[in-house]
Amino acid sequence: MSVSTDKNFDEKLLKLQSWLKELYGDCEVIPHESSIASGFSNETFVFDVKGKNVSESLVLRLRPTGYQVFPDYDLKMQASIMKLLRLKGLPTPEIIFENYNDDILGSEFYVMRCIDGEAPSDNPPHHMDPEGMMGKGTPEQRYSVWSGWVNNLSAFHSLDLSTEEVLSCGFKNTDDSLGTELDYYKEFLNWGMDGEKHPVCSNAHDWLVANKPELQKISMCWGDSRIGNVLYKDYKASALLDWEMACMGDPLMDLAWGFAVDECNSLGLGVPRLDGSMSQSEGIEIWENKTGLSAENINYFRVLALFKFSVIMVRVAKRLIFNEIMPLDSDFHLNNFTTEYLDLSLIHISEPTRQEAISYAVFCLK
């Protein structure tokens, strides 16, 4: 989800090519079409490098240098997580270069080997994209995508990582991981709103603080754990991507995020989920059976997921204003499909009538 508005694409391309020539000798950098189209609007840059001594596809991940959606980016942590999980047998990309100074490309970065595969689209959401891999897929192929996600998520949550391994990735010991997460997104909200009030998010935060459950387990969490952050080849999972939101917490947080964000990007937009999409109830059953963990507190973590998504949307919406895609007086950062879905979810959980509770439960499990 990280975004930068650094549009100096040609300059970065020249710096990248010059640096790679020092490593490989004479070579040429050929950007993939998606990277040219974005002009570094996203900090992930996919390219081929071709020369006498090299011919392969690589992925460059840069720390944003312009407009930032998140208050901070810890690229070293992201890289450390992927290297550790790859050693544990999970399909994370292979990192081949790292530089955490700005002396080469003007920003911190790491480089990965490109993995063949395609991810369900975010823009537009895959439920609204008939030309994307999910839109073109059969219900069976779509279900395979969801199965690949939940099975890899379960394998990740079943890892027995030592304290030393977790700390080596840059995480810190905390006695209250959920409180730490809530504090982080409260500060994130305040930073993003820049003095303006956000009633829906503030109400959600108050509810989350007041209703904190006892955590069944504290372990490394993916954070942005959804099918859009998995690559698929022939509708089979080939790589787990984007660990920038990784944190310590209850693993149930990851499962809830995957379903809540998907439903927000479909039902929250008034669009039915595609045939073949896995229901939350089935995902819970698979995850519980494979991990031995409980999804008893799934509704709490759904609200947490939608709260975090709404906080992130503040900065995403302001980016649209920053880039003059939306008018300066737009209130999209306050009123959008994400905050509406959060508000609806919070109302039904905190103040349900019997019929509303039944209707909401059916709605969530579609």
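Biologist: Where is Glu296 found?

Modeller: This is a predicted model, in which local features need pLDDT of at least 70 and side-chain atom pairs count only at pLDDT 80 or more, while totals for chains, interfaces and linings use all residues. Residues are numbered from 1 along each chain as its sequence is written, and side-chain values use heavy atoms, with hydrogens and water left out. Helices (H or I, at least four residues) and strands (E, at least two) are DSSP runs that are numbered from the N terminus. Read in that way, Glu296 is found in the loop between helix H10 (280–291) and H11.

Biologist: Is Glu296 buried or exposed?

Modeller: A residue is called buried under 20% relative accessible area, exposed over 50%, and partly exposed in between, with a 1.4 Å probe and protein chains only. Glu296 has a relative accessible area of 69%, and therefore counts as exposed. For contrast, take Glu263, which lies in helix H9 (residues 252–264) and counts as buried because its relative accessibility is 0%. Glu263 and Arg273 are ten residues apart in sequence, and their C-alpha atoms are 7.4 Å apart in space.

Biologist: How many residues does helix H11 have, and what does it reach from its first C-alpha to its last?

Modeller: The expected span of a helix is 1.5 Å times one less than its number of residues. Helix H11 (residues 298–322) has 25 residues and reaches 36 Å from end to end, close to the expected 36 Å. Of these residues, 21 are buried, so H11 is largely enclosed by the rest of the structure. Just after H11, Glu324 takes a positive phi of about 60 degrees.

Biologist: Which residues of H3 are buried?

Modeller: In H3 the buried residues are Leu75, Met77, Gln78, Ala79, Ser80, Ile81, Met82, Leu84 and Leu85. They pack against strands E3 (54–62), E4 (95–99), E5 (109–113) and E6 (219–221), as well as helices H5 (139–157) and H6 (163–168). The end C-alpha atoms of H3 are 19 Å apart, which agrees with the 18 Å that its 13 residues should span. H3 is followed by Gly89, whose phi is positive, near 100 degrees.

Biologist: Which residues touch the most other members in the largest nonpolar core?

Modeller: In soluble globular proteins, nonpolar side chains tend to be buried together. A nonpolar core is a set of buried Ala, Val, Leu, Ile, Met, Phe, Trp, Tyr and Cys residues joined through side-chain atoms within 4.5 Å. The largest nonpolar core here has 87 residues, of which Ile81, Trp149, Phe156, Phe171, Met220, Leu255 and Phe307 touch the most other members. H11 gives the most to this core, with 13 residues. With contact taken as heavy atoms within 4.5 Å, and leaving aside neighbours within four places in sequence, Ile81 is in contact with Cys169, Phe171, Met220, Trp243 and Ala246. Apart from this core lies another, of 17 residues, among them Leu20, Tyr24, Phe47 and Val54.

Biologist: What volume does the second largest pocket have?

Modeller: Rolling a probe the size of a water molecule over the atoms shows where empty space is left. On a 1 Å grid over the protein atoms alone, a cavity is a set of points where a 1.4 Å probe fits but cannot get out, whereas a pocket is an open set with protein on both sides within 12 Å along at least five of seven lines, and lining residues have an atom within 4 Å of a point. Grid points are joined across faces, edges and corners, and a volume is the space filled by probe spheres set on the points. The second largest pocket has a volume of about 580 Å³. It is lined by 22 residues, and the closest to its centre are Met77, Phe171, Tyr184, Ala246 and Cys247. Helix H3 (75–87), helix H7 (177–193) and strand E9 (247–249) are the elements that give two or more residues to this lining, and H7 gives the most, with five.

Biologist: Which residues lie nearest the centre of the largest cavity?

Modeller: The largest cavity is lined by 13 residues, and Asp122, His126, Arg226, Asp262 and Asn265 lie nearest its centre. Its volume is about 120 Å³.
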